[in-house]
Amino acid sequence: MSLLAENGPQNGPDNAAGTDAGGAASADGLRLAGLTKRYPNGFTAVQGLDLEVPRGSFIALLGPSGCGKTTTLRMVAGLERPTAGTITLAGSDITHAKPHQRPVNTVFQNYALFPHLDIFENVAFGLRRRKVKDVEAQVRDMLDLVELDTQARKRPAQLSGGQQQRVALARALINQPEVLLLDEPLGALDLKLRRSMQLEIKRIQMEVGLTFMHVTHDQEEAMTMADTVAVMNAGVIEQMGAPSELYENPRSTFVANFLGQSNLIEGTVLSRAADVVTVDMHGVQVSVPTARVHTDGDRGWVGIRPEKVLIGGEGEALDAPGNTIPGGVVTDVSFVGVSTLYQVRMPWGQELAVFSQNTGRTRMFRTGERVELSWRPEYAFLLDIHQSAAAGVEQGDDD
Amino acid sequence: MPAARWVREHLVLLLGLAVLAYTFVPIAVVVLMSFNDPAARNVYSFDGFTLHNWADICEDPSMCKALGLSFRIGLLSTLVATTLGTLAAFALVRHDFIGRSSANLLIFLPMAAPEIVMGSSLLTLFVASGASGHLGFWTIFIAHVMFCLSFVVVTVRSRLAGMDDTLEQAAADLYATPSQTFWRVTFPLVFPGILGAALLSFSLSFDDFIVTNLNSGNSTTFPMYVWGAYRVGVPMQVNVIGTIMFVVSIAIVVIGELNSRRRSRALA
């Protein structure tokens, strides 16, 4: 992407850092320290948030509505004033800088395109304010990048939702900000368009190499697009990491339920060895790797993802070295094509979800059939019993 | 019964035409009368066609003097009322201050109060403050600004309230300083409302008789002239002025409409 490599951004005093790939991460990327936002009515939207975003990375803030993710984004943009804490970008403190003084651009949820300007002038707006030369060529290149070169002289109202979204992206990207903020930019698009825009934005981010900070409540979107996902709940980051790491090894029931789906089964810790913890789960002993144990208590929630659970008929050999849990009864079967979702009622009354890939190797089970469940111990995790097993359930759905 | 069916099917159209005729007949009479060659001064009938009224508009110099006064007062009070009212509307929509909701309510009062009450209380105020010998241009101007102001505030306020405020955030986000944000984004978007308010102000001011009559002293505005002339016979030139005003306002509307159509066609 040559057009963005040339003509460096007019941002920050140490612009040289942009071309110099080295340098300390703390002086280069975005750093939030103890960031807090309390509203006059006493509501705390963000509580002492610490976050380090290295230059060139793609981070997603994921959480249900009201978790403080948008407030965090708006504080980075300068549209909200933090109550406490600091924001450092590319080595300079921008905590109290005005929005127009920050090398940050935002793609707004409703796009916020200027209705009285055509597409070309919308995209050129930031360049013109900064008195950049060569506006014409840069805007043309940017419109090419988002495939809107033929629409330059139309008004925003004449474009489709997907096209408006791309204009909003182009209008922000053209300024080569230190951080590009995306505030649920795909929320208004239909599912199919949203999926293709996710890949499109990811492609553009890799091409231009800018730092992207994406706010969303759609966990699939966060996992598809971002290198790092920060799961937020009630104003704090619950857990942060690569999507697969978060998904495989959640540290709280909120993350376990909000990111994907989890079966959480109450258990009593029997013994703690160096590398494995043994838990009694309603009479069945299961083991959990120590690296995936996130509680010191003598009781805990044994967590297992539905697709990691194997299902078989009574006495049938299951391809798992863990203990078999007998006595399940299938209460519901939903066939989804590539997989089948079973609800299995266990002897202690709890219903567990089981996702079975329709590979053809195992047969389908019918409602009322008696089954046995098992899983590989390395896939289980153990969470704090004091956390609600229902935390984060159903909050990640699109609204 | 084909005729009855035709009428039934076109009932809405016929009613629409009837309503249009109802509103346009008086205007048509004004246009017609501007070409009238009356037999006597106080006879209101079409006696013959002439271009004399158009050729010699200022046959009665006092009419043109009154017209000039009305224009000067109209333009000046429009300018002042639009400026003040726009600023007030911004304050009412964009800033939170103590007494905002009362201000929002009180701004309706001049619109709701009967004109005769406003006019006479203004006169009392002017006389009480020792301006009784100086009634004229400036007292009319003050009165007009006062009653135009509420209309401007209400018009601009509704336009401003309907504006998406993330647009201003977006402008600030794209490096626009507060003043650039105002002139590049806010003002162009609110401008149609301000223009509408200005046109409304001018016609309210130009048209006003009751408040003006009470506070004008020895000055005569155009409506006062027409009112006075009515007793001895209105000169046909009044119809010429009416026709011109009508044509100009229609032209403004048509040009505006054509402009927006041309723009959307060029872009389609």
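Into which domains is chain B divided? There are two of them here: domain 1 takes in 1-58 + 239-268, and domain 2 runs over 61-234. Keep in mind that this is a predicted model.

**Chain B: overall build**

- Along the principal axes, the C-alpha atoms of chain B fill a box of roughly 70 × 70 × 35 Å.
- Some 30% of the 268 residues of chain B count as buried.

**Chain B: its two domains**

- The C-alpha centres of domain 1 of chain B and domain 2 of chain B are separated by 28 Å.
- Five residues from domain 1 of chain B and six residues from domain 2 of chain B make up the contact.
- On the side of domain 1 of chain B that touches domain 2 of chain B, three residues are nonpolar, one is polar and one is charged.

**Chain B: what the record says**

- An unreviewed UniProt entry puts the feature "domain: ABC transmembrane type-1" at residues 67-256 of chain B.
- That span, residues 67-256 of chain B, is 79% helix and 0% strand, with its end C-alpha atoms 26 Å apart.
- UniProt (unreviewed entry) also places the feature "transmembrane region" at several stretches of chain B, including residues 105-129 and 135-156.
- Residues 105-129 of chain B are 80% helix and 0% strand, and 28 Å lies between the end C-alpha atoms.
- For residues 135-156 of chain B the figures are 91% helix and 0% strand, with the end C-alpha atoms 31 Å apart.

**Where chains A and B meet**

- The contact between the chains involves 20 residues of chain A and 16 residues of chain B.
- On the chain A side, the elements giving two or more residues are strand S6 (104-107) and helix H5 (119-129) of chain A.
- H5(A) supplies the largest share of that side, three residues.
- The side of chain A that touches chain B has seven nonpolar, seven polar and six charged residues.

**Helix H9 of chain B**

- Why is helix H9 (residues 166-173) of chain B largely enclosed by the rest of the structure? Because seven of its eight residues are buried.
- Those buried residues of H9(B) are Leu167(B), Glu168(B), Gln169(B), Ala170(B), Ala171(B), Ala172(B) and Asp173(B).
- The buried residues of H9(B) pack against helix H4 (69-77) and S6 of chain A, together with helix H10 (178-207) of chain B.
- After H9(B) comes Tyr175(B), which has a positive phi, near 75°.

**Chain A: domains and annotation**

- The domain assignment of chain A gives domain 1 (2-248) and domain 2 (253-384), and their C-alpha centres lie 39 Å apart.
- Seven residues of domain 1 of chain A touch five residues of domain 2 of chain A.
- Strand S9 (228-233), strand S10 (236-241) and helix H10 (243-248) of chain A each give two or more residues to the domain 1 side of that contact.
- By class, that side of domain 1 of chain A has three nonpolar, three polar and one charged residues.
- In UniProt, the annotation "domain: ABC transporter" (unreviewed entry) covers residues 30-259 of chain A.
- Residues 30-259 of chain A are 35% helix and 26% strand, and the end C-alpha atoms lie 25 Å apart.

**Chain A: one residue up close**

- Phe335(A) sits in strand S16 (residues 325-335) of chain A.
- Phe335(A) counts as exposed because it has 10 C-beta neighbours inside 10 Å, and the cut-off for exposed is 12 or fewer.
- Phe335(A) is 37 residues from Asp298(A) in sequence and 38 Å from it in space, C-alpha to C-alpha.

**Chain A: confidence**

- The average pLDDT of chain A is 87, and 91% of the residues score at least 70.
- Among the elements of chain A, strand S3 (residues 58-62) has the highest mean pLDDT (95) and helix H2 (residues 16-19) the lowest (37).
- Over residues 1-26 of chain A pLDDT stays under 50, and the model has 34 contacts beyond four places in sequence for them.
- Where pLDDT is low, the predicted coordinates should not be read in detail.

Key:
Residues numbered from 1 in each chain as written. Chains lettered and ligands numbered in written order. Predicted model: local features only at pLDDT ≥ 70, side-chain atom pairs only at ≥ 80, totals over all residues. UniProt positions renumbered as here; feature names shortened; annotations may be inferred. Helix = DSSP H or I, 4+ residues; strand = E, 2+ residues; numbered from the N terminus. Domains from an automatic or database assignment. Contact = placed C-beta atoms within 7 Å. Nonpolar A, V, L, I, M, F, W, Y, C, P; charged D, E, K, R; others polar. Buried ≥ 20, exposed ≤ 12 C-beta atoms within 10 Å, placed from the backbone. pLDDT = per-residue confidence, 0-100.
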